[in-house]
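Start with the contacts, then turn to a single helix and to the aromatic rings.

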Amino acid sequence: MRGLSWPGRSAQMCRPPRPPEDESSEISRMVTYTSLFAAREFRYLYAGYALSYAGDQLAAVAVAVLVFERTGSSMLTAIAFASAFLPSALSPWLATFADRLPWRRLLIVCDLARAALVAALAIPGVPIGAAIAVLYLAHAFTPPFKAARAALMPQVLSGEAYIAGNGLTNLTYQISQVAGFAIGGAVVAAITPAGALLVNAATFALSALLIHRGVTPRPAPSNGGTAWAPFREARDGLRYVFADPWLRSCLLLVWTVPAFALAFEAIAYPFARELGGGPPLAGVLLAMGALGFAAGALLLTRWVRPPRRDRLLVPLAMLAGAALLPLLADPPAPVVLAALFASGLGCSFSTPLNAEFIRRVAAGFRGRAMGVAIAGIAVGNGAGFLTAGWILELGLSASVTAGLCGLAALVAAVVFGRTWQRDAPDQPGKSTADEA
């Protein structure tokens with residue numbers, strides 16, 4: 001793997017020592033998905049993740065149905081739906097918990113809190129304003145959970161096993177999305193929105209139990225004996241990431257390319273109407289991007305060898321945008337579906353790159369670095385969605401809108417891909433810890 005050079009800075013804040021990786025993983029050199037489950041902790045972490053994310057897909061549909069049925073307001077429905085990503089904008093602050101508290105304990109607390117809050121949404125007669133506030137509070141526990149999990153994973157899996165484990169996790173995420181788009185509405189209709197919310201709460205509770213049973217307790221990351229100051233620590237995390245050219249260009253690439261390439265998701269329904277379909281076609285449009293991403297993640301983390309995988313990342317990022325350029329010609333539905341699949345395939349470059357990003361961050365900064373990454377993804381997605389909506393409002397077709405967003409993604413891939421390649425040194429196998 002390509003290494004990482006630090007900029008010419010001597011500030012200790014930017015170069016904390018990183019303890020040795022946990023050497024107990026018995027599969028550090030085995031990268032098949034099946035072999036990952038030889039690591040006991042990974043089995044439990046993965047099972048909890050898969051359960052809770054499947055429940056999230058049902059809850060996302062349930063919330064949209066519940067709010068719209070009770071209010072008839074598209075705006076309130078959009079505000080409720082946005083709760084899934086808007087709290088992530090606070091990730092640099094919320095993720096500081098992951099660099100202060102034991103990871104296992106933080107994971108369990110976040111899961112139990114989300115279980116209780118989501119279950120409260122199913123109580124009959126809860127005022128809609130209070131329900132939306134509870135929903136946002138529940139999602140505020142997601143950034144510290146993700147940060148703690150990301151910080152823990154390199155201790156559970158090492159080397160290429162970590163890259164493969166991250167790929168399997170992302171693949172599960174995408175498959176859950178595809179299934180959610182395809183059958184989520186039917187399932188919610190069968191068990192009612194309140195029933196879907198209770199199922200989601202149960203998955204969080206079961207995830208907490210699995211983590212309690214299967215994850216080894218570890219001490220909190222070293223904090224140097226200083227008092228907790230979230231704003232100062234969040235600032236230090238931002239400075240840590242942006243002081244390093246490789247980490248900085250890595251994030252810019254991951255933030256911008258998918259944000260524009262996947263912006264069509266915000267206009268999926270008018271896009272489907274333009275193509276002569278309705279909600280079923282809108283679901284298919286959404287599913288094609290997720291399906292392409294899943295296929296790419298599978299190829300990159302399971303079958304492509306690391307040196308070749310590294311060489312493919314920037315071309316794939318370029319494909320994410322270039323694949324959408326034919327949409328500028330307002331093609332028929334089959335061409336649109338193929339373009340969205342190819343674009344999703346290109347976006348899968350972010351799967352191994354995300355894993356490399358976390359692996360190259362010193363252990364004491366992993367939570368905050370993940371918080372910075374999550375916040376940027378949330379802001380980027382929001383900006384991409386707003387851009388697509390604004391272009392559509394100008395009177396252009398949904399197809400042309402998606403094509404223009406693809407052009408923006410291609411430009412971002414060329415610019416930030418070049419800086420990412422430039423800032424990666426030739427020495428393989430180095431990490432931030434090696435340079436510290």
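**Helix packing and aromatic pairs**

Helix H13 (residues 306-322) packs on helix H17 (residues 398-423) at an angle of about 160°, and their axes are 6 Å apart. H13 is therefore roughly antiparallel to H17. The model is predicted: local features need pLDDT of at least 70, side-chain atom pairs count only at pLDDT 80 or more, and totals for chains, interfaces and linings use all residues. Residues are numbered from 1 along each chain as its sequence is written, and side-chain values use heavy atoms, with hydrogens and water left out.

Some terms come first. Helices (H or I, at least four residues) and strands (E, at least two) are DSSP runs, numbered from the N terminus. Axes are lines fitted to C-alpha atoms, for helices over the stretch in contact, and angles run from 0 to 180 degrees between N-to-C directions. Angles under 35 degrees count as roughly parallel, over 145 as roughly antiparallel, 65 to 115 as roughly perpendicular and the rest as oblique.

The crossing of H13 and H17 is left-handed (the near helix is turned anticlockwise from the far one by less than a right angle; clockwise would be right-handed). On the H13 side, the contact (heavy atoms within 4.5 Å) includes Asp310, Leu313 and Val314. On the H17 side, Leu407, Leu410 and Trp420 are among the residues involved. By class, this contact has 11 nonpolar, four polar and one charged residue. Ala, Val, Leu, Ile, Met, Phe, Trp, Tyr, Cys and Pro count as nonpolar, Asp, Glu, Lys and Arg as charged, and the others, Gly among them, as polar.

Now take helix H2 (residues 40-71) and helix H7 (residues 142-156). Their axes come within 10 Å and cross at roughly 150°. H2 and H7 are therefore roughly antiparallel. Their crossing is left-handed. Glu41, Phe42, Leu45, Tyr46 and Tyr49 of H2 meet Arg149, Leu152, Met153 and Val156 of H7. Seven of these residues are nonpolar, none polar and two charged.

Helix H15 (residues 350-359) packs on H16 at about 145°, with the axes 10 Å apart. Phe357, Ile358 and Arg359 of H15 touch Arg366, Ala369, Met370 and Ala373 of H16.

H16 (residues 366-393) has 28 residues. From first C-alpha to last it reaches 40 Å, close to the 40 Å expected (1.5 Å times one less than the number of residues). Just after H16, Gly395 takes a positive phi of about 105°.

Finally, the rings. Rings of Phe, Tyr and Trp (its six-membered ring) pair if their centres lie within 6.5 Å; planes under 30 degrees apart count as stacked, over 60 as edge-to-face and the rest as tilted. The count comes to eight aromatic pairs. Phe242 and Trp255 form a tilted one, 6.1 Å centre to centre with 45° between the planes. Phe242 lies in helix H9 (residues 230-242) and Trp255 in helix H10 (residues 245-261), so the pair ties together parts 13 residues apart in sequence.
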